Structures are given as structure tokens and as C-alpha cells.
Amino acid sequence: MGGGGSFLSTAWRDIDWGDNQRALQYVKDYKPEIEGQELRILLHGPVGAGKSSFINSVQSVFNSRIYRQAFADNISHDSFTKDYKTYKIEKGPKDQNSFYPFVFNDIMGLDKDKGVLVDDVKLALRGHVKDGYRFNPESKLSEGDQFYNNNPTDNDKVHVLVCVVPANTVSLITDEVVQKIREIRKEASDLGIPQLAVITKIDEVCAEIKEDVKTVYKLKAVKAKMEELSVKVGIPMNCIFPVKNYHEEIDLNRDIDSLILSSLKNIIDSREDCLNYRKSQSESPGGNV
Ligand SMILES: Nc1nc2c(ncn2[C@@H]2O[C@H](COP(=O)(O)OP(=O)(O)O)[C@@H](O)[C@H]2O)c(=O)[nH]1
Ligand SMILES: [Mg+2]
């Protein structure tokens, strides 16, 4: 590697590498304000972005073994998530049927022709889409359909919107898809839903990651991909988190865990920040209640 090379001299973001106990406890201890409430995280992004793999990775970190529950598809098989399904994170073998209070939904890409309609994503944000609904790229879910939830509770609504994009295809996102992502973000903003991005497959843009995941915040190429994504979809850098999913490994790696935990912690915190902001708004004189 010649002059300047691919590395910055210091990491531009600090995270606790390898020592995950505190971060893990933090997310495990997370409790929504209201008893029985769930934090619903909606992952959206292109087909094959690594959404299912991300959910599997979270489950893997929590239970210290590799999980394949959400069934990540190898894209070459062209079988992608069409059904709206809630994924829960199990508390562990001793706690069967007991789950953490955050849940994931993933929604297939916004790609031309075979992607989910923007209108359907908007319905999902508002909690109108019932579990088991099969998205149809040709027509949107309509009132009266058995999968249309007329009276969404707070638990049915989406609380955090996460855009999942692979680092190696950021440049390939078409203007059309960018437009759709922006439209969905606009709706989320109107509904007060915080938005983040997870940038996956960083190992595909930098071979260094394969050797040592800890290099992530020193690698210029990773930062450049994040910046490119930030500019394209308008999500600020401090809301973008690079991850390397568990996709081929059969054993856990502490540093991979650290990145997954860092992204999850920030997803959870974004919800808390949003609630605190709402509270401060309603308490301040002149704030809207
Ligand atoms: N190299 C690499 N491959 C990944 C990563 N995450 C997912 N994959 C692979 O990408 C493909 C699509 O992943 P999947 O989770 O099914 O994507 P989804 O369509 O967004 O749910 C699968 O073959 C995964 O093994 C990652 O971080 N790095
Ligand atoms: Mg999937």
C-alpha cells in the first residue's frame, strides 16, 4: 500500500472492541417505557442487502451461537422476502417463548418491478400491515383486505426505520430507488420515526475487514461508502453504522459482535431520544402536546 494508503492514521469513531459485556447488557436490559410495549424496527433496502442476515446476526450475538432463523437467502436463488413477518429475538434456550422487547420486520427492496410499493411501506410504518401479508409489487394493500389492520395499536406501528444497504453497491443505487427511499423517509419524519442506516458487506469493499474487523473506522473506503450513502439518501453520518454480518462463519467473533451491538444500541437509543424530545416539546410552554 503506497503513499497515504487505505488507512487513516486514527479511527474516526470510537467503539469498545471485543469487550462486549457492557454493550450486550445495555441492549438486553432495554425496556420500553410502557410495560408490554415492543420496539418495532423496520429494515428496508434492496434485495440481498443483508436484512435477514442482520436479524440473524443480532440473534447470534444475543445467544452466543450462530443463528439462521430469519433464513438469509443467497440472492442467486432469487428468493427474497415477500411476506411481512415479525422476527423476535429469543432470550435463550432456558427461556423458550420469552423474547426481548424489540422486534424486527424486513421489507424487500424498492427495486423497479419487483420491489415493494412505497405506499405499502408507508402503511407498514403506520401499523396497517398485518403479519403474513404478501406484498404485491403491482397493487397496494387496501382497506378491507384481511391483512389490513384498521386499528393499529402502538405495538403495530414502526418505531425506528433502518435502511440497509450493502457497501459494495452504494454507487449502483438508482435515482429512482433514491427517490423512493427519500419519500419513505419523509413519511417517517412526518410520523416522528427516527431513521438510521446500516451499511452491510463492508468485507466486500475492503479485504482488510476480513483480516481484522477493528480496522473499519480507519479504512478510507468504508468511510467513503458511508459518505456516499449519506449524500444520496440524506441520512447524516452519525446515523449510519457499518456492519459485517455473520453470513459464512460458524463461530462468533467478538469484533463482529461489537459492530452489531453498536448498531443495535444506536437503533434503540434513537427511539429513546425521540421520546425524550417529544416529552420536552410537550412540557415546554408553547410546545405542542
Ligand atoms: N460478504 C458478506 N455477505 C453478506 C453480508 N450480509 C449478508 N451477506 C450475504 O448476502 C446475501 C443476501 O443476504 P440476505 O440477508 O438474505 O439479504 P436480504 O435480502 O436483505 O434479506 C446472502 O448470501 C448473505 O450470506 C455481509 O455483511 N458480508
Ligand atoms: Mg431477507
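This is a predicted model: local features need pLDDT of at least 70, side-chain atom pairs count only at pLDDT 80 or more; totals for chains, interfaces and linings use all residues.
**Entry: isoleucine 267**

I began with the contacts of isoleucine 267, which touches Ile41, Phe54, Val160, Val162 and Leu196, not counting residues up to four places away in sequence. Next I looked up where isoleucine 267 sits: helix H8, residues 254–283. Buried or exposed? I asked this of isoleucine 267. Its relative accessibility is 0%, so isoleucine 267 counts as buried. I then took the C-alpha distance to isoleucine 256.

**Entry: the whole protein**

I stepped back to the overall plan. How many helices and strands does the protein have? I found eight helices and six strands. I read their order along the sequence as α-β-α-β-β-α-β-α-β-α-α-α-β-α.

I checked the radius of gyration next. For 289 residues, a compact globule would come near 19 Å. The protein has 19 Å, so the value agrees with a compact globule. Along its principal axes, the C-alpha trace spans about 60 × 45 × 40 Å.

I looked up burial for the chain as a whole. Of the 289 residues, 49% count as buried. I also looked at contacts between residues at least 6 apart in sequence, and 71% of these join residues at least 24 apart. The accessible surface comes to about 14400 Å². Carbon and sulfur atoms account for 47% of that surface.

**Entry: charges**

I turned to the charged side chains. There are 39 positive and 44 negative ones. The centres of the two sets lie 1 Å apart. How many salt bridges does a search of the whole structure find? It finds 13. I looked at several of them.

I took aspartate 190 and lysine 186 to start. They form a salt bridge, with the closest N and O atoms 2.9 Å apart. Both residues lie in helix H4, residues 175–190. They are four residues apart, about one turn of the helix. Aspartate 190 has a relative accessible area of 53%, so I wrote it down as exposed.

I went on to lysine 225 and glutamate 228. This salt bridge has its closest N and O atoms 3.9 Å apart. Both partners lie in helix H7, three residues apart, about one turn of the helix. Lysine 225 counts as buried because its relative accessibility is 18%. Glutamate 228 is at 27%, so it counts as partly exposed.

Salt bridges that share partners join Asp212, Lys214 and Asp255 into one network. Within it, I looked up the side chains of aspartate 212 and lysine 214, which meet at 3.3 Å, N to O. Aspartate 212 is partly exposed, with a relative accessible area of 26%. Lysine 214 is partly exposed too, at 38%.

**Entry: lysine 232**

I then looked for a charge without a partner. Lysine 232 lies in helix H7, residues 220–233. It is buried yet has no salt bridge. Which side chain of opposite charge is nearest to lysine 232? I found glutamate 228, 4.7 Å away. Glutamate 228 is already in the salt bridge with lysine 225.

What else does lysine 232 meet? I left aside its neighbours within four places in sequence. The contacts are Val170, Ser171, Leu172, Ile173, Val178 and Arg182.

**Entry: positive phi**

Serine 64 is not a glycine, although its phi is positive, about 55°. I placed serine 64 in the loop between helix H2 (51–63) and strand E2 (86–90). Its relative accessible area is 53%, so serine 64 is exposed.

Lysine 201 is not a glycine either, and has a positive phi of about 55°. I found lysine 201 in the loop between strand E5 (195–200) and helix H5 (202–205). Buried, partly exposed or exposed? I looked up lysine 201 to settle this. With a relative accessible area of 24%, lysine 201 is partly exposed.

Technical notes:
Residues are numbered from 1 along each chain as its sequence is written. Chains are lettered from A and ligands numbered from 1 in the order in which they are written. Side-chain values use heavy atoms; hydrogens and water are left out. Helices (H or I, at least four residues) and strands (E, at least two) are DSSP runs, numbered from the N terminus. Buried means under 20% relative accessible area, exposed over 50%, partly exposed in between (1.4 Å probe, protein chains only). Lys and Arg count as positive and Asp and Glu as negative; His and the chain ends are not counted. A salt bridge is a side-chain nitrogen of Lys or Arg within 4 Å of a carboxyl oxygen of Asp or Glu. Contact means heavy atoms within 4.5 Å. The radius of gyration is taken over C-alpha atoms; the globule rule is 2.2 Å times the number of residues to the power 0.38. Accessible areas come from the Shrake-Rupley method with a 1.4 Å probe; for residues, only the protein chains shown count as cover. The place of a charge is taken as NZ of Lys, CZ of Arg, CG of Asp or CD of Glu.
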